[in-house]
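Open the model in your viewer and keep the selection tool at hand. Each stop below says what to select and what is there.

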Amino acid sequence: MRLPYTLAVAALSFSSACLAASWSFDDATLTVSSKGSGGDGGVKEKLSPNSPSSKAITLPAVDTLKIVLTATEGSTGKRPHQAFLTLHEPTTGLEESFPFSLKENGNGKVEVTQKDLPYQLLTSKSPLKASLVLASFGSSTPYASHAFDLTLQLDTTAPPTAPTAPERYTSKPVINHIFKVQETSGPRVISFFFTIAVLAMLPVLFGAWALLGANVDHLGKAFGSAPIAHGLFLGSVLAMEGVFFMYYTSWNLFQMLPVAGVVGTVAYISGSRALTEVQERRMAGER
Amino acid sequence: MRWLVASFLLALLSVVHARSFNSSRLLVVTEEITEKDKYSTFWGDLESRGFSLSFASPKSPDLSLFKHGALAYDHLLLLPSKSKGLGPNLTPNMLVNYINANGNILLALSADQPTPSAISSLLLELDIFLPPDRNALVVDHFNFDKASAAEKHDVLLLTSPKPLRNGLRNYFEVDGSIAVPRAVGQVLGNASPLLAPILRAPSTAYSYNPKDEAEAVEELFATGSQLSLISAFQARNSARFTVLGSAEMLENKWFDAKVKSQSGVEGATANRAFAEKLSAWTFQELGVLKVGRVEHYLNEDLPKGTANSSEVGFLDLNPKIYRIKNDVHFSIEISEYVFTHLVPFTPPPTDELQLEFSMLSPFHRIPLVPTSQTANSTVFTATLTLPDQHGIFNFIVNYKRPFMTNIYEKRTVTVRHFAHDEWPRSFAISAAWPWIAGIGVVVAGWVAFVAVWLWSAPAEDGLRKRN
């Protein structure tokens, strides 16, 4: 009678022990200390498995962060296969894990200095989230929980050297070519003013000539004696100016030269006849 | 007699025709031919997509990746082998030559067999690091399959991978969870832009050596998302090399296994769909971009002097020479190949195609906007004003992204300066008007002088007497 009863009790307790097993830790202390002081100064904090530490931990540049704990499976101290302190950077999602060195009974520690941290975690703008991960093979419930927040005090005199940015295939920044400054003319008003001033010189010139006694009194006489010559000559002088104007506006050299040749020939022939007529007048004492 | 010759030629033609379409030759290298039956569903899926499979052992003497200087097989699938290397015909050097000749490789590793050192050194060349212990296994005590690995935790149960970063397309998304049994984790070097992780381990995973580190793990190779379970390497010629950390996830029994997650949720794995996506990407059925027509032309009114001889095609397409400060219109046609046919290509949401107009460095880098779509391509266009620098320039479309074939299209044009008759005329320049007026005044004065000299009478006596 007793045997099956004890067997049943044993079986029940065994199964309940199996069901209840979950990883956790005991006696966890966190210390931040520098090498020389030996743990007297610095921060000392107790960690609890059920709730994260409300105090924000700061790790100065030369100090060491040390966590000592005893890992437990159920109620007995035991060494899990995986015992990590994981530091997680919230904005980029990057994280790094540091393994505990534990003895068989689950006692052990981990030490972290700023030298062990990669550049991306060192230069994090917000505090790193530190979690403790205790897990192993088998059916025990693993433990992973946020334990505390860690802020890093970087050494301002020796900032961490940034690694060279790796090349990644992505779209590159937009470039729009900046054109050279276009040449502009001055204000139009000034151009107008000087144009008018120059054009006004023409009547001034004619007035000065008139004062000096310029006239075209012999026009009738000249045209009477040699109308064709004088007409053609004046026409060819005006035509030559016209050729120059056409060359300025639309013609090219090969269109202009033949016309200029013709006009020039006309000017030469008619001009010599016109000059003969002028000479006749000079001989007659009228010039 | 004639019908004999004709039928012979027809037979020859059909043989030639059949061979030219048969360009999806896949070689599977596995040490024990009996092992290939474990993956029979996967072979069936590949064959139904049009691949012709051949099986060979690495020790077979007549195995050769090249034949007469060309590739004998377009794709290569290497299953884990127990021996120290892959044999004399598959040395790392030959595999690198294979990739340089545009061959694709899917290399499967397994934690059950130690990775040969030849493979480790080949992967080291690609900047992929394997654990230095030959026996390495990735475990996760938080994301494992309770149905098959309740004690050992070596079958990881992962969700479908997300896009790597903003602006990339995810070709490996599946519905359901992916079982990764007995995987070898890899760590990717940071420097190379050609590497990308396809499937990363969750943050509580880590890699350890089951032989030496069975009690506790003290020195970590890598943990969490730094461990890449499936890594992709796309060479600059767009040949693909995928390292699959767990060959077992392609086995029949994992294609529709019933798995139970840590929280007790039961379901079927999506391994079959994931294997299809993975093999499709590696063997150039997904993520392949093809460039169609590239056109550029002058986007201005033609000057009055030029004559238009023909009505159709009045545009001078792809001219060799432009002038500085011309307005130019550029368009490029891109399609994406999806399994069997071409579809119009749309870049991922925050990503854009860019056109560079560059001599030695870009003068312009402007976005190419999709303006129209044909049946199987999208036309991207951009309009730009050519810089005021003359010289030899290139239109460059340089679109390289992880998981997509590299596009590099370059068109060279000359950009000349203004011709002597293309400058603005002086009468159009307001600052020149006084000078033009001066010329006019001189002309008028000259003609008046000629008239006065020819037809003037002597001046009044008063002035003459002074002389």
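Which handedness does the crossing of H5(A) and H6(A) have? The crossing of H5(A) and H6(A) is left-handed. The term left-handed applies if the near helix is turned anticlockwise from the far one by less than a right angle, and right-handed if clockwise.

Before moving on, some ground rules. This is a predicted model, in which local features need pLDDT of at least 70 and side-chain atom pairs count only at pLDDT 80 or more, while totals for chains, interfaces and linings use all residues. Residues are numbered from 1 along each chain as its sequence is written, chains are lettered from A and ligands numbered from 1 in the order in which they are written, and side-chain values use heavy atoms, with hydrogens and water left out.

**Stop 1: a helix pair in chain A**

Select residues 227-249 of chain A for helix H5, then 253-283 of chain A for helix H6. Helices here are DSSP runs of H or I, at least four residues, and strands are runs of E, at least two, numbered from the N terminus. The axes of H5(A) and H6(A) come within 8 Å and cross at roughly 155°. Axes are lines fitted to C-alpha atoms, for helices over the stretch in contact, and angles run from 0 to 180 degrees between N-to-C directions. H5(A) and H6(A) are therefore roughly antiparallel. Angles under 35 degrees count as roughly parallel, over 145 as roughly antiparallel, 65 to 115 as roughly perpendicular and the rest as oblique. By class, the contact of H5(A) with H6(A) has 17 nonpolar, four polar and two charged residues. Ala, Val, Leu, Ile, Met, Phe, Trp, Tyr, Cys and Pro count as nonpolar, Asp, Glu, Lys and Arg as charged, and the others, Gly among them, as polar.

**Stop 2: between the chains**

Show both chains. How many residues does the contact take from chain A and from chain B? Chain A gives 74 residues and chain B gives 75. Contact means heavy atoms within 4.5 Å. The area buried between chain A and chain B is about 6,400 Å², and carbon and sulfur atoms give 59% of that. Buried area is the accessible area (1.4 Å probe) that two parts lose on being put together, summed over both. Now pick A:His81, A:Tyr169 and A:Tyr248: they supply 13% of the area that chain A buries against chain B, more than any other three residues.

H3(A) passes H7(B) in a right-handed crossing. Residues making the contact include A:Phe192, A:Leu199 and A:Trp209 of H3(A), and B:Trp433, B:Val441 and B:Phe449 of H7(B). The contact of H3(A) with H7(B) has 15 nonpolar, four polar and one charged residues.

**Stop 3: a helix pair in chain B**

Go to helix H2 (residues 40-48) and helix H6 (residues 271-282) of chain B. They pack at about 50°, with axes 11 Å apart. H2(B) and H6(B) are therefore oblique to each other. Their crossing is right-handed. B:Thr41, B:Phe42, B:Asp45 and B:Leu46 of H2(B) meet B:Arg272, B:Ala275 and B:Ser279 of H6(B). These divide into three nonpolar, two polar and two charged.

**Stop 4: positive phi in chain B**

Most residues other than glycine have a negative phi. Select B:Asn318, whose phi is positive, about 50°. B:Asn318 is in the loop between strands S18 (288-298) and S19 (321-323) of chain B. Now B:Phe403: phi is near 75°. B:Phe403 is in the loop between strands S25 (391-401) and S26 (404-416) of chain B. Which of the two is buried? B:Phe403 is buried, with a relative accessible area of 7%, whereas B:Asn318 is partly exposed at 33%. Buried means under 20% relative accessible area, exposed over 50%, partly exposed in between (1.4 Å probe, protein chains only).

**Stop 5: a strand residue and a loop residue**

Select B:Val338 in strand S20 (residues 327-338) of chain B. Leaving aside neighbours within four places in sequence, B:Val338 is in contact with B:Glu285, B:Leu286 and B:Val343. End on B:Thr346, in the loop between strands S21 (341-344) and S22 (353-358) of chain B.
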